[in-house]
Amino acid sequence: MRLEILNSGYRPGTKLLFALIQLFSRQPVPDAAKLVFYRPDFYGSRAKEFTHEAMRGPSAWSVADRELMAAYVSTVNESAFCVAAHSATARQASQDGPKVAAVLADLETAPVGDGLRATLRMLGRLTKEGKVDADDMRQVLSAGVTRQQVADALAVSAAFNTTGRLADAFGFAVLSPEGFEAGARYLLKRGYR
Amino acid sequence: MLSEDKKRAAYRALQDRILNGEGRASPEQRARAFGNDELSQPLAGLVGKVATRPTQVTDADFAAARAAGFSEDQLFELVICAAVGQSARLYDAGLAALADVVGEEER
């Protein structure tokens with residue numbers, strides 16, 4: 001990572017934890033996991049709480065749908081680390097790799113329901129252009145999505161607009177496919193806390 | 001209006017901490033990084049990229065900020081403020097557009 005403190009500035013107990021994770025997972029500790037352990041009182045603790053609430057808290061969207069939103073927002077941002085991490089998690093959660101690939105390649109022709117498609121389209125516009133208007137929201141609501149689901153999708157978008165920026169600014173190392181699959185298993189078993 | 005949901009409240013707690021809690025960068029610098037506003041170079045270049053084109057951040061952006069006297073811990077904080085600030089603006093823009101529709105329906 002571009003800041004040396006994020007590579008080696010951790011407390012001894014945290015370094016030991018990283019060594020144990022690496023030993024048992026047989027994969028390097030992902031930089032996304034490391035970041036939240038650096039001065040956790042500044043960023044990590046509250047970031048984990050928010051991200052867990054957005055991705056695993058109560059919502060009418062399934063975990064698979066929310067991971068797909070995370071992968072989609074990351075694709076619009078061209079955030080390589082987050083695209084790989086959350087497309088792996090979305091594939092495992094949905095057990096439907098072709099659907100995940102289709103959404104990320106061409107949302108308009110992908111085999112998903114109208115509500116999810118309209119929601120992803122709105123998140124993509126917000127992420128790319130920095131704005132959406134009432135017409136954008138009417139289209140999502142008229143596709144059968146509830147107001148609360150829109151708010152929940154905006155929370156997912158906020159989590160990954162934040163994490164993706166940090167991944168690219170700090171320079172998270174892109175893992176091997178096996179590393180991303182192991183990370184995805186962890187996120188589905190334990191969540192983001 | 002939608003009530004302030006638990007997810008937005010959790011993001012607000014993160015915003016409040018990074019802006020108003022203890023830090024190595026001054027609260028004024030953190031607020032400016034969060035707002036991507038009123039910063040001088042070289043920090044303005046780094047923060048602007050984090051906010052609007054993060055894939056274009058380079059080692060040289062960090063090197064320039066270090067050479068201007070910013071410590072690694074200050075840059076850690078200011079980059080986080082820039083990322084959270086931009087995301088908060090997007091989040092609020094989305095919720096505001098949703099509130100507009102809900103408001104119309106209730107009139």
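Me: What makes Asp136(A), Met137(A) and Val140(A) count as buried in helix α9 of chain A?

Reply: In this predicted model, a residue is called buried if 20 or more other C-beta atoms lie within 10 Å of its own. Asp136(A), Met137(A) and Val140(A), in α9 (residues 134-142) of chain A, are buried, so each of them meets that cut-off.

Me: Why are these residues said to lie on the same side of α9(A)?

Reply: Around the axis they cover an arc of only 95°, which puts them on the same side of the helix. On the other side of α9(A), Asp135(A) and Ser142(A) are exposed. Just after this helix, Gly144(A) has a positive phi of about 100°.

Me: How many residues does each chain bring to the contact between A and B?

Reply: Chain B brings 39 residues and chain A brings 42 residues. On the side of chain B that touches chain A, α1 (6-20), α4 (59-67) and α5 (72-106) each supply at least two residues.

Me: Which residues touch the most other members of the largest nonpolar core?

Reply: They are Tyr72(A), Val79(B) and Ala82(B), in a core of 90 residues. The largest share of this core, 15 residues, comes from α5(B).

Me: What is Val79(B) in contact with, leaving aside its neighbours within four places in sequence?

Reply: Val79(B) is in contact with Leu166(A), Ala169(A), Phe170(A) and Val50(B).

Definitions and conventions
Residues numbered from 1 in each chain as written. Chains lettered and ligands numbered in written order. Predicted model: local features only at pLDDT ≥ 70, side-chain atom pairs only at ≥ 80, totals over all residues. Buried ≥ 20, exposed ≤ 12 C-beta atoms within 10 Å, placed from the backbone. Helix = DSSP H or I, 4+ residues; strand = E, 2+ residues; numbered from the N terminus. Arc of directions from axis to C-beta. Contact = placed C-beta atoms within 7 Å. Core = buried A, V, L, I, M, F, W, Y, C linked by C-beta atoms within 7 Å.
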